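This report describes a protein model for a reader who is new to structural analysis. Please keep the sequence and the structure in view while reading.

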Amino acid sequence: MRPRQLLRHHLFWPIAALVLLLVLNTVSNPSFLEIRLQNGQLYGSLVDILRNGAPTLLIAVGMTLVIATRGIDLSVGAVAAIAGAVACTWIASGGSAATAVLLALGACVLLGLWNGFLVSVLGIQPIIATLVLMTAGRGAAMLVTEGQIITVDDPLYHQIGAGFLVLPIAVLVSLGVLVGVALLTRGTALGMLVESVGVNPRASLLAGVRSRTIIWTVYVFAGLCAGVAGLMISSNVNAADANNAGLWIEMDAILAVVIGGTSLAGGRYSLAGTLVGALVIQTLTTTVYSIGVAPNAALVFKAVVVIAVCLLQSPRTSQVFGVRRKAGPRPSRSEEVTAA
Amino acid sequence: MKKYTAAAAAIVLAAVTACGADGSDGAGDDGTLTLGFAQVGAESGWRTANTESIQQAAEEAGIDLQFSDAQQKQENQIRSIRSYIQQDVDVIAFSPVVETGWDAVLLEAQRADIPVILTDRAIDSEDDSLYETFLGSDFVEEGRKAGRWLVDNSDGPTNVVELQGTTGAAPAIDRKEGFEEAVSGSSDIEVIATQDGDFTRSGGKEVMEAFLNSHDDIDVVYAHNDDMGLGAIEAIRAAGLEPGEDIRIITVDAVRAGMEALAEGEINFIVECNPLLGEQLMELVEQVAAGEEVTKRIEVEETTFTQEEAEAALPDRQY
């Protein structure tokens, strides 16, 4: 790939930001990139970034498919809180970890069905339909935990968020789901059908695509992803905190999807982009802690990086780059890339 | 069938969001005092203990308690204070959700001749005649207590990392200030890193992981609440170190999970932030209702716990 094409690739700037953040960290702390094997598990900053980013990545994968259908799911944070609340309450009352996980995920599938029902059957706008559960869901999680932080002590449950099989289990789960979804949607026509629904649900329906089923399914899948992420979050600290678990994670997930080049207007998506987006967001958070950005400046620091990436990625900016470098006889090239 | 299920679910969801209605009974004039209390919400174990303490103390003191839960929203709290004014209760008490924006509603209470007591959190108003007194913890003093213990219990150079509460929150600002003030006299103690852990376990764990990776000379963790300290314990253990031994931990709050970790030796020292202010509040209610002058600032009685003290105190701990 020639440098010009490289520069115009939709993941060039997010990856550049990621590399820049890693360099920044390494400069401030030379041992940042070090990874060592400790008690049979990998340990180091990079591993922490992957592990802490796993819930966001998982939710972002679900979100990618929802957004590809021109939808959005604001309720994922609340669903994650419900999953943790259900699982920890069950364990705290003497239940086994396995049943707790099944119960929690069952509840999340139901919540996904509810979202999908509102959007695909009743035709309510996704942002409103999922807003219902975003606000009410956290209340439901608090009902489950009776407003308390439920602490559990179950070694098996602790594995989901903090366990290791050389790599953190949470990372393996998230990457596994990412690869699975990529194979399933890109290896078959399913991905194209999802995109066609996002471009025009009615036209897709007329062309014989089951729009309703596809839309319903992606919301259920997003709910399930949020549920697993919620289990990771709560198992990581051995506790369910209905107020704070997964708070604003929907925003991080949407941001990861957008940074990755998936259009909020639906109709196209990039799972590799979502992976890069989620890594950028988590690395940004870790950078704030590691290089010692003052807490009251942390949000500004994050905002500046995100704005910079989004600006550099915008069609207008890449056009500017295209125009400036337009030496050859192919004037339509830049438009082609922005449309791709 | 599907529609009925959906309708039922909608009703459940609506019910979940719509609780926190105000009490509707008017204040009786049969000689018993009526207290209208507008609580912040039920966001933590600390707050729940606070609510239970107030309800229990009111019952014991024979005070008729009208209680409302604002679910973290100022407009809800203002609405319940207005309804207490209409009910003509004898005293109004509340824990303000935020610091500003109370002048109008407190002026209404003043005109209706109902004394107001602030609990746990202060308000930011130029006119301090709007309330009788503020009963709450002194967060700066809590920070000082933590700092003083460290000064007394360390010899040689000591590197401290600080897990701050949510940036901008009064307890976070004050606990940081008090701690710095107490350790400033000691040349050995140095705060080498401080970050926002958001008062949560996940936040505390994540920040502590980053600290452990970027500093290899951490001796002490000072966390602004127990939950962040509990998160830090997990991070320290994951790094292959022994919490309480290799890295000492100081926290503030003394909720049950924190006290248990203290008794087990994973935390070294906890400064109490006491939510059980019910009895003190009821005494104040009786005083202001009787028209007695009270001081503008009353501090909640608070203590500190070492590991041995925690072990002794745990069996009787209410929260």
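## Basis of the report

The model is predicted, so local features are reported at pLDDT of at least 70 and side-chain atom pairs at pLDDT 80 or more, whereas totals for chains, interfaces and linings use all residues. Residues are numbered from 1 along each chain as its sequence is written, chains are lettered from A and ligands numbered from 1 in the order in which they are written, and side-chain values use heavy atoms, with hydrogens and water left out.

## Overview of chain B

Chain B contains eleven helices and twelve strands. These elements are DSSP runs numbered from the N terminus: helices are H or I runs of at least four residues, and strands are E runs of at least two. Of the 319 residues in chain B, 53% are buried. Here, buried means under 20% relative accessible area, exposed means over 50%, and partly exposed lies in between, for a 1.4 Å probe and protein chains only.

Among the contacts in chain B with a separation of 6 or more, 74% are between residues 24 or more positions apart. A contact means heavy atoms within 4.5 Å.

## The mixed sheet of chain B

The pair β10(B) and β12(B) belongs to an open sheet of six strands, in the order β7-β6-β8-β9-β10-β12, with mixed pairing. Two strands count as paired if DSSP finds at least two bridges between them. Strands β7 (189–196) and β12 (304–306) of chain B stand at the edges and have a single partner strand each, so one side of each is left without a neighbour in the sheet. From one strand to the next, the twist averages 20 degrees.

Helix α5(B), residues 139–152, packs on this sheet and touches β6 (158–164), β7, β8 (220–223), β9 (248–253), β10 and β12 of chain B. The direction of α5(B) makes about 155 degrees with that of β10(B). For such angles, axes are lines fitted to C-alpha atoms, for helices over the stretch in contact, and the values run from 0 to 180 degrees between N-to-C directions.

## The parallel sheet of chain B

Another open sheet of six strands has the order β2-β1-β3-β4-β5-β11 in chain B, and its pairing is parallel. At its edges stand β2 (64–69) and β11 (297–299) of chain B, each with a single partner strand, so one side of each is left without a neighbour in the sheet. The twist here averages 20 degrees from one strand to the next.

Strand β1(B), residues 34–39, pairs with β2(B) in the parallel sense over six bridges, and S68(B) in β2(B) is the bridge partner of A38(B). Helix α3(B), residues 74–87, lies across β1, β2 and β3 (91–94) of chain B and runs at about 170 degrees to β1(B). Strands β3(B) and β4(B) run parallel and are joined by three bridges, with I92(B) opposite V116(B) in β4(B). From β4(B), V116(B) and L118(B) point one way, while I117(B) and T119(B) point the other way; all are buried.

## Two residues of chain B

Is S125(B) buried or exposed? S125(B) is buried, because its relative accessible area is 18%. This residue lies in the loop between β4 (116–119) and β5 (133–136) of chain B. Its side chain makes a polar contact of 3.2 Å with the side chain of D103(B). A polar contact is a pair of N or O atoms within 3.5 Å; within protein, one must be able to donate a hydrogen and the other to accept it, and residues adjacent in sequence count only if both atoms are side-chain atoms.

E279(B), in helix α10(B) (residues 278–289), is exposed, with a relative accessible area of 56%. The C-alpha atoms of E279(B) and A57(B) are 5.3 Å apart, although 222 residues separate them along the chain.

## Contact between the chains

In chain A, 44 residues are in contact with 35 residues of chain B. About 3,000 Å² is buried between the two chains, and carbon and sulfur atoms give 54% of this area. Buried area is the accessible area (1.4 Å probe) that two parts lose on being put together, summed over both.
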